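Work through the exercises below with the sequence and the 3D structure at hand. Try each task before reading its solution.

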Amino acid sequence: MPTSSDRRSSRVVGFLLTPVLVAAPALIAFGNPVRADEPTPVPETSATTVAARVNLDDPAKKEIAMKLVSSAENSSLDWRAQYKYIEDIDDERGYTAGIVGFCSGTGDMLDLVELYTQRKPGNVLAKYLPALRKVNGSDSHAGLDPNFTKDWATAAKDKAFQQAQDDERDRVYFNPAVSQGKKDGLRALGQFIYYDAIVMHGNGGDSLSFGAIRKNALKKAKPPAQGGDEVTYLNAFLDARKVAMKAESAHENTSRVDTEQRVFLKKGNLDLNPPLSWKVYGDPYTID
């Protein structure tokens, strides 16, 4: 679990001008009539092709991303059922909970409950704010047990808490990942690969964070924005990601890279278009 811490296509249009001495409304070119006042067809340019691509922040693509992460984090494609999820997975980050695994020991759970309380004072989790501040940075449950997990599940039924989880997921994880992916010239798959990495490793400054993984990848290959090949760069990123995963016992299973993301990459599905089939921890999943 994480550590705290548009396009515009231009089209060149040409016009066929009527010669001064010709009064006819159309010119004949190889027997095909062309109106003098109509633009000459121009083949699609690379800019037009780029404009046709759909980024990960498109609603349909984002839904796919949520399902992919949920398959790895919760062994289910029903990511909305995970608002209520909470447990200690023994990764030294305290409680892990919600749709992206907000952690009591890394600060993002604290930020989430603070946001929820700002929007809905007196909610069932508000009383735990002092304890969440104290346990931040540790795996302690002090001040949280024995009822925090039960109260979390109660709060998860509240639309306001669900919206707070969505908003914090986007602010801390999804939006930064998509933004960096676009800057690097990556398409939807690459943007997702960034997102999944930030969800697990966080966007902090430590040696196992998303930033460090990307830095290590850049030592091996250049992203498209720097003139590099997209597939080559993403393979380098996934290689660096696996090194970071194996450095932590709680994340040493790399199937979300090997039998999910690498599968899409090998198939050349850089736009992350369905149908998609993959496995995580040996379990098969499909999105039609």
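The model is predicted.

**Exercise 1. Find how helix 7 and helix 10 are oriented relative to each other.**

Step 1. Locate helix 7 at residues 188-201 and helix 10 at residues 255-266; the two pack at an angle of about 165°, and their axes are 10 Å apart.

Step 2. An angle over 145 degrees counts as roughly antiparallel. Helix 7 and helix 10 are therefore roughly antiparallel to each other.

Step 3. The crossing of helix 7 and helix 10 is left-handed. On the helix 7 side, Leu-189, Phe-192, Ile-193, Asp-196 and Met-200 make the contact, and on the helix 10 side Arg-256, Glu-260, Gln-261, Phe-264 and Leu-265 do.

Step 4. Sorted by type, the residues of the contact of helix 7 with helix 10 are 6 nonpolar, 1 polar and 3 charged.

**Exercise 2. Do the analysis again for helix 2 and helix 10.**

Step 1. Helix 2 covers residues 59-74; it packs with helix 10 at an angle of about 165°, with the axes 11 Å apart.

Step 2. Apply the cut-off of 145 degrees again. Helix 2 and helix 10 are therefore roughly antiparallel to each other.

Step 3. The crossing of helix 2 and helix 10 is right-handed. Leu-68, Ser-71, Ala-72 and Glu-73 of helix 2 meet Arg-256, Glu-260 and Phe-264 of helix 10 in this contact.

Step 4. The residues of the contact of helix 2 with helix 10 divide into 3 nonpolar, 1 polar and 3 charged.

**Exercise 3. Check the length of helix 3 and describe its buried residues.**

Step 1. Helix 3 runs over residues 108-119, which is 12 residues. The expected span is 1.5 Å times one less than the number of residues.

Step 2. The buried residues of helix 3 are Asp-108, Met-109, Leu-110, Leu-112, Val-113, Leu-115, Tyr-116 and Thr-117.

Step 3. These buried residues of helix 3 pack against strand 6 (95-97), strand 7 (102-103), helix 4 (129-135), helix 5 (148-155) and helix 6 (159-183).

**Exercise 4. Decide whether Asp-166 is buried or exposed, and list its contacts.**

Step 1. Asp-166 lies in helix 6.

Step 2. The relative accessible area of Asp-166 is 14%. Buried means under 20%, so Asp-166 is buried.

Step 3. With neighbours within four places in sequence left aside, Asp-166 is in contact with Trp-79, Tyr-83 and Ile-99.

**Exercise 5. Describe Asp-90 and Tyr-281, which have a positive phi.**

Step 1. Asp-90 is not a glycine, yet its phi is positive, at about 60°. Its place is the loop between strand 5 (86-88) and strand 6. With a relative accessible area of 68%, Asp-90 is exposed.

Step 2. Tyr-281 is not a glycine either, and its phi is about 55°. Tyr-281 lies in the loop between strand 8 and strand 9 (283-287). Its relative accessibility is 41%, so Tyr-281 counts as partly exposed.

Notes
Residues numbered from 1 in each chain as written. Predicted model: local features only at pLDDT ≥ 70, side-chain atom pairs only at ≥ 80, totals over all residues. Heavy atoms only, no water. Axes fitted to C-alpha atoms, helices over the stretch in contact; angles between N-to-C directions. Helix = DSSP H or I, 4+ residues; strand = E, 2+ residues; numbered from the N terminus. Parallel < 35°, antiparallel > 145°, perpendicular 65-115°, else oblique. Left-handed = near helix turned anticlockwise from the far one by under 90°. Contact = heavy atoms within 4.5 Å. Nonpolar A, V, L, I, M, F, W, Y, C, P; charged D, E, K, R; others polar. Buried < 20%, exposed > 50% of the residue type's maximum accessible area, 1.4 Å probe, protein only.
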